[in-house]
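Visitor: Please take a close look at one part of this model for me. I would like the nonpolar surface patch, and then the backbone around the helices that build it.

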Amino acid sequence: MAQYIVRRLIALLPVLIVVGIVVFTVIHLTPGDPAEVILGESATPEQLAQLRQELDLDKPLLVQFFTWFGRVMTGNLGESVFSGEPVLQIILDRLGPTVSLTFLATMLSLLIALPSAMLSVWKRDSLLDPAFMSGTLLGVSIPNFWLALLLILTFAVTLRWLPVAGYEPLSEGIWPWLSHLILPAIVLSVQQAGIVARMLRDGMMDVMHQDYIRTARAKGLKERMVLMKHAFFNAMIPTTTVVGASIAGLLGGAVVTETIFAIPGIGQLIVDSIASRDYPVLQGTVLFVALVYVLVNLIVDLVYAVLDPRIRYD
C-alpha cells in the first residue's frame, strides 16, 4: 500500500506539468494587457513599459513559463500583482469558506441520497421507485443559479430567516456560520444528491441479482438486512468514485454558487483573478485545483480497499 501511495504521489509531477503548460498558455493567449488593467487608461507608455518589465511580461513566453514553473517547483506560486501578497497565502485564506461549504453540501447530499436510494431498492415494486427516479432526475436537472435565487427570494428576502449572502467563520459561532452556509449548501447538495442516489440505486439493483444475495436470502436473512449488509457496501464502490469527484469539484471552487452568495472561497477567487487578470493568482489557483483533484482521487482509490478487502495495491 505504501509503495502504491508513493507511486501515485510521484505521478503527480507530470500531471502538474501538463496542467501548468495548459493553464499558462491559455491565460497568456487571452486578449488584454495586464499592465493596462492594473494601471488604468491614464497610464503613460513609460509606466506601462516599466510595469511589464517588473512582471516579466516583456520577455518571451517560454522564458516567462520556465521562470514561473521554476518558482512553482520550489513551492513559490508568486505574488499577486495587485496586493503583493503571496499567492499560496491568498489560496489558504480562501480555503476555509470552501472547505466549510464542501463539508455541509456533501453531508446534506449523503443524508438525502443514501436513505432514498436504499428505500427505492427496498420498495422497487411499488410506486416509490418511479417517484424516486423522477425526483433524482429533477434534482440533477435544476440549474444551480435558479435554485439559489429561488432560495434567496424565499428564505432571505421574503421570510427573512437567513442572511442573503456573505460568510462568517466558525470561530464566530455555530449559528452565524451555519446560517450563512445553509442555503448555498442546499443548492450544491441537490444536484450532488441526485447523481449519488442514482448511482447507488443502480449499483444496488445490479447486486441484488448476484448469487451471494440469493444465498443470504436462502439462509433466512431479512430483506432489510440483505440490503444493509450485502447490497449496500458492494454498491458503494462505484458510488464512492462519484462522491469523490463531487468533493474534488466543490473543493476546487463552486464558482457560480460562491459568486451568487458572495462567499469568499476558491470559486470567488478564480472569478476575481480572471476579472482583474491577476495572472499569478489565477495560475496558482488552477494548479491548486488540479492538485486537489489528484489527491482526492488517490483517497478514493484507498477507500476502495476499505470497502472491499479483496482489492490490493501491493
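Guide: Leu-150 is partly exposed, at a relative accessible area of 36%. The model is a predicted one. Leu-150 sits in helix α8.

Leu-150 belongs to a nonpolar patch on the surface. Two elements each give two or more residues to the patch: α8 (144-158) and α12 (255-260). Helix α8 supplies the largest share, four residues.

Most residues other than glycine have a negative phi.

Take Arg-160. Its phi is positive, about 60°, although Arg-160 is not a glycine. Arg-160 lies in the loop between α8 and α9 (174-207). Its relative accessibility is 68%. Exposed means over 50%, so Arg-160 counts as exposed.

Then Ala-262. This residue, also not a glycine, has a positive phi near 55°. Ala-262 lies in the loop between α12 and α13 (266-276). Its relative accessible area is 40%, which means that Ala-262 is partly exposed.

To put the parts together: α8 and α12 both contribute to the patch. The loop between α8 and α9 holds Arg-160, and the loop between α12 and α13 holds Ala-262.

Note on methods: Residues are numbered from 1 along each chain as its sequence is written. This is a predicted model: local features need pLDDT of at least 70, side-chain atom pairs count only at pLDDT 80 or more; totals for chains, interfaces and linings use all residues. Side-chain values use heavy atoms; hydrogens and water are left out. Patches are made of residues with over 30% relative accessible area and no salt bridge: like charges are joined within 9 Å, nonpolar side chains (Val, Leu, Ile, Met, Phe, Trp, Tyr) within 5 Å. Accessible areas come from the Shrake-Rupley method with a 1.4 Å probe; for residues, only the protein chains shown count as cover. A salt bridge is a side-chain nitrogen of Lys or Arg within 4 Å of a carboxyl oxygen of Asp or Glu. Buried means under 20% relative accessible area, exposed over 50%, partly exposed in between (1.4 Å probe, protein chains only).
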